[in-house]
Amino acid sequence: MILLSKLQLKQYENDGYVIPDFNMPEVLLKKIEKRHDKLLKKYPQFKNYCPAILHYDESFLEFCKNEIILNYVEQILGSDFALWNSSFFAKPAINGHATPWHQDGQYWPIRPLATCTVWLAIDDANEENGCLRFIKGSHKEKKLKNHNINSNKNLTLNQELDESEYNEKDAINLILKRGQISLHDVYLVHGSEANNSSMARRAITMRFMPTSSVFDHQMVKDKNLFSKLNASKYKDRKIYHMRGRDISGKNKLTYI
Ligand SMILES: O=C(O)CCC(=O)C(=O)O
């Protein structure tokens, strides 16, 4: 069985992310590209970013259910977990949108807050085409930091970390080859620059949560928490069973 080493697990714990020795096979990457092209033909508005691809094409589940990826996730989250979202950050060449510095958990209705994100590179990702950037160790306090709303239309997200909350000089660039993945913690501060290069920088995220947490479909009605966010998209979100059982007993899991 292919697993994260002790050292890699320690890195996830200390730094908030890890890059396993994994490569998505080329045939599957080609399949992903085809399905994404088809999605964009139908929904050109997702040219930069599709927040919930499974909502539009459930066949993307095939890639999220990769046994090696699930083994890694199990090592991090434990044996009972679900997939609650998958997004496509397509970042096309020349004018691909930036993602402001943020913590994911800020706008997710999951309590207790927990998620491990798998980020799969569909293109080589580097400084030129706007690779993902992490502030190493910024997850450690397990605390949500101050965010502001940024309504600039050239961003994939409207949540931006307050400048007082991080130091950009601590950022590391997540340089990955096509087919490589990284795993990151829900509290880790991250973002990415715009893509002004001639190469696309496509990536898929897969969001896994332990079933000891609850994806609270009702929480989005809390106006204080979610009023300024586009939270309606969480109301009907399907939570896909991946491994084990629903520990909380409160998640409505979809079995596939
Ligand atoms: O791919 C990007 O540029 C941003 C990804 C991101 O924010 C995330 O994985 O949560």
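# Reading a predicted fold, residue by residue

Visitor: Which residues is K235 in contact with, leaving aside its neighbours within four places in sequence?

Guide: Contact here means that two C-beta atoms, placed from the backbone, lie within 7 Å. By that test K235 is in contact with H217 and V220. This is a predicted model: local features need pLDDT of at least 70 and side-chain atom pairs count only at pLDDT 80 or more, while totals for chains, interfaces and linings use all residues. Residues are numbered from 1 along each chain as its sequence is written.

Visitor: Where is the place of K235, and is K235 buried or exposed?

Guide: K235 lies in the loop between α6 (223-226) and β15 (239-243). Helices (H or I, at least four residues) and strands (E, at least two) are DSSP runs, numbered from the N terminus. For burial, count other C-beta atoms, placed from the backbone, within 10 Å: 20 or more is buried, 12 or fewer is exposed, and in between is partly exposed. K235 has 12 such atoms, so it is exposed.

Visitor: What does S86 touch, not counting residues up to four places away in sequence?

Guide: S86 touches I53, L54, F60, C64, I204, T205, M206 and R207. S86 is buried, because 26 other C-beta atoms lie within 10 Å. One of its contacts, I204, is 118 residues away in sequence, yet the two C-alpha atoms are 6.8 Å apart in space. S86 belongs to strand β3 (residues 81-89).

Visitor: How many residues of β3 are buried?

Guide: The count is 9 of the 9, so β3 is largely enclosed by the rest of the structure.

Visitor: Which strands does β3 pair with?

Guide: Strands of a sheet pair through backbone hydrogen bonds, either parallel or antiparallel. Two strands count as paired if DSSP finds at least two bridges between them. Here β3 is joined to β13 by 8 bridges, running antiparallel, and S86 has M206 as its bridge partner in β13. With β15, β3 pairs over 3 bridges, again in the antiparallel sense, and L83 stands opposite Y240. Strand β2 (residues 49-50) is joined to β3 by 2 bridges, also antiparallel; there C50 has F88 as its partner.

Visitor: In what order do the 4 strands of the open sheet lie?

Guide: The order is β4-β12-β7-β10, with antiparallel pairing. Its edge strands, β4 (99-102) and β10 (171-173), each pair on one side only. Inside this sheet, β7 (residues 132-135) and β12 are linked by 3 bridges, and R133 stands opposite G191.

Visitor: Which residues of helix α5 are buried?

Guide: An α-helix has 3.6 residues a turn, so residues three or four places apart point the same way. In α5 (residues 67-77) the buried residues are I69, Y72, V73, E74 and L77. The cover over them includes β3, β6, β11 (181-185), β13 and β15. Just after α5, G78 takes a positive phi of about 95°.

Visitor: Which residues other than glycine have a positive phi, and where is there a cis peptide bond?

Guide: Most residues other than glycine have a negative phi, and most peptide bonds are trans. I94, in the loop between β3 and β4, has phi near 75°. K142, in the loop between β7 and β8 (147-149), has phi near 50°. I94 counts as exposed because it has 11 C-beta neighbours inside 10 Å; K142 has 12, so it is exposed too. The cis bond joins R111 and P112, with omega about -15°, and P112 lies in the loop between β5 (110-111) and β6.

Visitor: What residues are around the ligand?

Guide: A residue is near a molecule if its C-beta atom, placed from the backbone, lies within 6 Å of it. The residues around the ligand are F89, T99, D104, T117, W119, L132, H190, S192, A203 and T205. The elements that give two or more residues to this shell are β6 (116-121), β12 (190-192) and β13 (203-210).

Visitor: How many helices and strands are in the protein chain?

Guide: There are 6 helices and 16 strands. The C-alpha trace spans about 50 × 45 × 40 Å along its principal axes. Of the 256 residues, 38% count as buried. Among contacts with a separation of 6 or more, 82% come from residues 24 or more positions apart.
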